[in-house]
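Welcome! Let's take a friendly walk through a protein chain and its metal site.

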Number of protein chains: 2
Amino acid sequence: VFPAATRAQAAKADPLPSWNDGPVKQALIDFVSRVTKEGGPDFLPVEQRIAVFDNDGTLWQEKPAVQGAFLADRVQALVEKDPSLRQRQPYKAVLERDVDALMEGGEKALMELFAATHANMTQEQFQAEVRRFLRTARHPKLGVPYTQLAYQPMLELLQYLRDNGFQTWVSSGGGIDFMRVFSEELYGVPPAQVIGSSLETKYEKRGGRDVLWREPRVDHVNDKEGKPVGNDLHIGRPPVFVAGNVRSGGDIAMLEASRQRRGPSFQLLVNHDDAAREFAYQEKDGASLRAAREGGWQVVSMRDDWKTVFVTSAPPP
Amino acid sequence: VFPAATRAQAAKADPLPSWNDGPVKQALIDFVSRVTKEGGPDFLPVEQRIAVFDNDGTLWQEKPAVQGAFLADRVQALVEKDPSLRQRQPYKAVLERDVDALMEGGEKALMELFAATHANMTQEQFQAEVRRFLRTARHPKLGVPYTQLAYQPMLELLQYLRDNGFQTWVSSGGGIDFMRVFSEELYGVPPAQVIGSSLETKYEKRGGRDVLWREPRVDHVNDKEGKPVGNDLHIGRPPVFVAGNVRSGGDIAMLEASRQRRGPSFQLLVNHDDAAREFAYQEKDGASLRAAREGGWQVVSMRDDWKTVFVTSAPPP
Ligand SMILES: [Ca+2]
Ligand SMILES: [Ca+2]
């Protein structure tokens, strides 16, 4: 533990210590210097310094997707209460990790799963379940809590941007109420700066109390073209810095939206090419990397650009 | 114009100079003192200091509702382009201020009006229209721009709360994208801290550009039980300070929601009882005042509690 002054000095010396020197790190530092230089041609007033990060695969690992693991964990709990579910679809498919059987059920099966595991309860109950899960669950291969599998270089980048007057936001296909349980402690991003997919909620009396009740109906899907929509609804101002990752093309629309705004902007795309320290996976049609080439986005090679992958000191969830 | 130090000193002497001394002003100051007193039993950490204000009738006048005046102004513009609309409902009803004829058309007529005046355009186009309206329109009786009809005592209250570490939010039945045009300049509330009713928006290509397109379909109605829902979606944390006004009962649910949270909270209800300086109007069933009595909310008498009603120095819109 260093005194604050020493830490500040160290940060000044190298604000991104877990990033290897190279073109991506240099581009990040150049961009932040340019937009914070008063009187410079690219100067951005503080209220325009909005940075948005995807979550799964951008801020923490996504093999498996953590909310999927939560869903499976909840199915396990349901089956223990009602063993007859063990032989019923779509529960059987989840228990047996049988993706084909799950897909066979189509949207109806998925919605039944969501209703059974994410809905028909209050916001408080749901978030208590998420909290319990994060405390107890372990990554199946790496054996540690999921909150220890956030990316250290990205935590440094979030902090570096905040130190330079940026507001940092998360915008993810994952559930907004799921992420809000851990975003503040893990990323320094308060609940109000989290954007995600949502179920409809109702404010109504239940058991003599007024509660926010989670209905088994989708309100917003914050993926692909849904991301600029969710960002606009919550932020009301175009982000200038956007980070996403390869896998599904889910971040292309919001990365491209920031590039099209007038004035300076920055697009960062995380490529999962580090089989040794994390996972190496490709996007089937390569759309994200192609968009990066065409749009002049910065592509992070986890293998080459990152000294460390996972968070070096995680707070308890 | 005073130097900053002098202003700070004056604010310390009396943070709410446009409020008359009395029980409401005293209750406001007592509450803020209690929740900011470190080590005290009601101390709130900064991240929990969330204050939410209704807009129409709470932060500025609502006779007429400003967004209604905007809608009429847009109908006028449509009619100038296409005079045949002058004889067609629901446009005719708007031009003639014929509320009965308008109501006769029911929800379908209202949605046609909204579609014609608020939808089928980009977010940018819509907000440019709102900006133009606020610059040119005048209150029909008072003859000044609507932005000069914000309530000076409430502007002081917003600032007083911010000076004490509160985040100030607006949560209104009005349109989120309408309010975001003026909220920052008029109230010091940035777009990201505005919550309101919304239309569905789509991110799509139009005329070779990717744009946010306003669809003629309602997404969220931020009124009554919709307010705690909108607040939760945007803030993700229960507000501790909530202000609303009498008229329709539209704020009861969010005021009551803040009272039901664990720990300290404050509810403020503005009563329009000042026919001389503003307008005096009653709520038909008196539900808001009754809820205030039952819940121990503070009721503002505009006549007795406010030295001044309207903003004394408005920035240009
Ligand atoms: Ca992702
Ligand atoms: Ca109101």
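Predicted model: local features only at pLDDT ≥ 70, side-chain atom pairs only at ≥ 80, totals over all residues.

Residues are numbered from 1 along each chain as its sequence is written, and side-chain values use heavy atoms, leaving out hydrogens and water.

Chain A has 14 helices and 7 strands, which are DSSP runs numbered from the N terminus (helices: H or I, at least four residues; strands: E, at least two). Its C-alpha atoms fill a box of roughly 65 × 45 × 45 Å along the principal axes. Of its 317 residues, 52% are buried, meaning under 20% relative accessible area with a 1.4 Å probe, protein chains only.

Now for the calcium ion (ligand 1). Its protein donors are A:D54 (OD), A:D56 (O) and A:N245 (OD1), lying 2.3 Å from it. For Ca, donors are N, O and S atoms within 3.2 Å of the metal; water is not among the atoms, so the site may look incomplete. Along the chain, the donors follow the spacing D-x1-D-x188-N. A:D56, in the loop between β1 (50–53) and α3 (66–81), and A:N245 are 189 residues apart.

| Residue | Strand | Relative accessible area |
|---|---|---|
| A:N245 | β5 (residues 241–245) | 5% |
| A:N271 | β6 (residues 266–271) | 15% |

Leaving aside neighbours within four places in sequence, A:N271 is in contact (heavy atoms within 4.5 Å) with residues including A:V246, A:L289 and A:M302.

Notes
Chains lettered and ligands numbered in written order. Buried < 20%, exposed > 50% of the residue type's maximum accessible area, 1.4 Å probe, protein only. Donors = N, O, S within 2.8 Å, 3.2 Å for Na, K, Ca; no water.
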